[in-house]
Amino acid sequence: MMISSWRRRRAARRAGKEQQRNENGEMKLMIPKDFRCPISLDLMKDPVTLSTGITYDRENIEKWIEAGNFTCPLTNQVFRSLEPIPNHMIRKRIQDWCVENRSYGIERIPTPRVPVSSMEVLEILSKINVACKKQDGEACRDLVVKVKSLAKESERNKRCIMTNGAGSVLSEAFEAFSRASFDENVAVLEEILSTLTIMFPLDGEAKGFLGSVSAMHCLICFLSSGELSRRRNAVLALRELVLSSDQRKVNELSEMEGTIEALFKLIKDPICPTATKASLTVIYHIITSSSTNEKQVAKLVNLGLVSLLLETLVDTERGMCEKALGVLDGICNSEEGREMACNNSLSMPVLVKKILRVSNLATEFSVSILWKLCKNEKREDGGVLVEALQVGAFQKLLLLLQLGCVDNTKEKVSELLQLLNLHRNKLECVDPMDNFKDLKRPF
């Protein structure tokens, strides 16, 4: 009876497998339990064992520890050591299993490289400091190339390198070589700058080195050069500088010869969206600074930035749109900027279209620009006020007022509606069938 029952169970299991194969066309491959990471339940690519004797995938357990957890996720025991030890035996078994099941589309996991340690990073950074003091550009460049190579190997390496102060060391090295001949040190400066871009965001100490007069002069030289990678890396570094709260650095940067022209060129002849956005960010901080904005705004207006921004705004994504509107808003603080915007046929259609269409920030900038242009309109025929009415500004502003907005924008909308209302008799801008009474506030 017992043998008969066992045979029936074995036959049922076989029948189940045959049924699964017939329905799905192929058998489902199960990953052995020992090969799965206890955290993600995925096949381990770099198995490591902790002090509790449990094996995890390196990436998952390191994220667990970096999140502030010092106990084993599986046993809840406190780790005696946080240093993971590579489990070569399990890794070899996983690789053999992958090879055996390649017919199922399983690819063999590569043998992982040993991640860089804090001691190795500190040793390399120490050698960079020595090379800087000796002004040995070739040695420094070789070491920086090694740092960049290690950082690109894995996110774990990158975090380790950044945590040990690579940003400050590289910024100090850039500042040190920038004080010497630019032409002689261009190769090492370019390599340092390229590596720095993957270390962002920088801390205050690093920004202090990068914000020195000599370092910023080198950045402007790179920004004005013909090579695309140099220009991209330079504008990203300048963005890091202006995002700090040091207004003095922004003022110094804006006064440097060639800065405005190089930034404008990146917008006129874009090399990539990231560089264009960074250039707009730098320009925004320059023109909104208290002491240098008038001269720089006049220079940008003469270069043709207003028409360039309006053409960019016709069809662009959210991030670019917000930054372009922010710069245009800053330019419209000046009389020259407002005059150029008023004389451009794209101004009213583009600005009205962006209200309630992109984001809250884009709406606030659009209303602010409209307000600056309309309140300074002196022409008897109504000028931009009539143009705004013709493209539906009155309806859009009424809708915005009803839906709700921040107090500062609400005041500008109310004033704009009063100004526009004075010219409504010149054309019928609101369809009498329009009915806003059913609109409700979202709060």
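**A close look at the pockets**

Modeller: Happy to! The largest pocket is lined by 24 residues, and those nearest its centre are Asp46, Arg58, Glu59, Pro112 and Ser154. Here a pocket is an open set of points on a 1 Å grid over the protein atoms alone, with protein on both sides within 12 Å along at least five of seven lines, whereas a cavity is a set of points where a 1.4 Å probe fits but cannot get out; lining residues have an atom within 4 Å of a point. Before going on, please note that this is a predicted model, in which local features need pLDDT of at least 70 and side-chain atom pairs count only at pLDDT 80 or more, while totals for chains, interfaces and linings use all residues. Residues are numbered from 1 along each chain as its sequence is written, and side-chain values use heavy atoms, with hydrogens and water left out.

The volume of this largest pocket is about 590 Å³, taken as the space filled by probe spheres set on the points, with grid points joined across faces, edges and corners. Two helices, α2 (58-66) and α6 (155-163), each supply at least two residues of the lining. Helices are DSSP runs (H or I, at least four residues), as strands are (E, at least two), numbered from the N terminus. The largest share of that lining comes from α2, with 5 residues. By class, the lining has 13 charged, 6 nonpolar and 5 polar residues. In this scheme Asp, Glu, Lys and Arg are charged, Ala, Val, Leu, Ile, Met, Phe, Trp, Tyr, Cys and Pro are nonpolar, and the others, Gly among them, are polar.

Now for the second largest pocket, with a volume of about 460 Å³. It is lined by 19 residues, and Glu62, Leu82, Glu83, Pro84 and Arg156 are the closest to its centre. Again α2 and α6 each supply at least two lining residues, and α2 gives the most, with 5 residues. The classes here are 9 nonpolar, 6 charged and 4 polar.

Of its 443 residues, 45% count as buried, meaning under 20% relative accessible area with a 1.4 Å probe and protein chains only, while exposed is over 50% and partly exposed in between.
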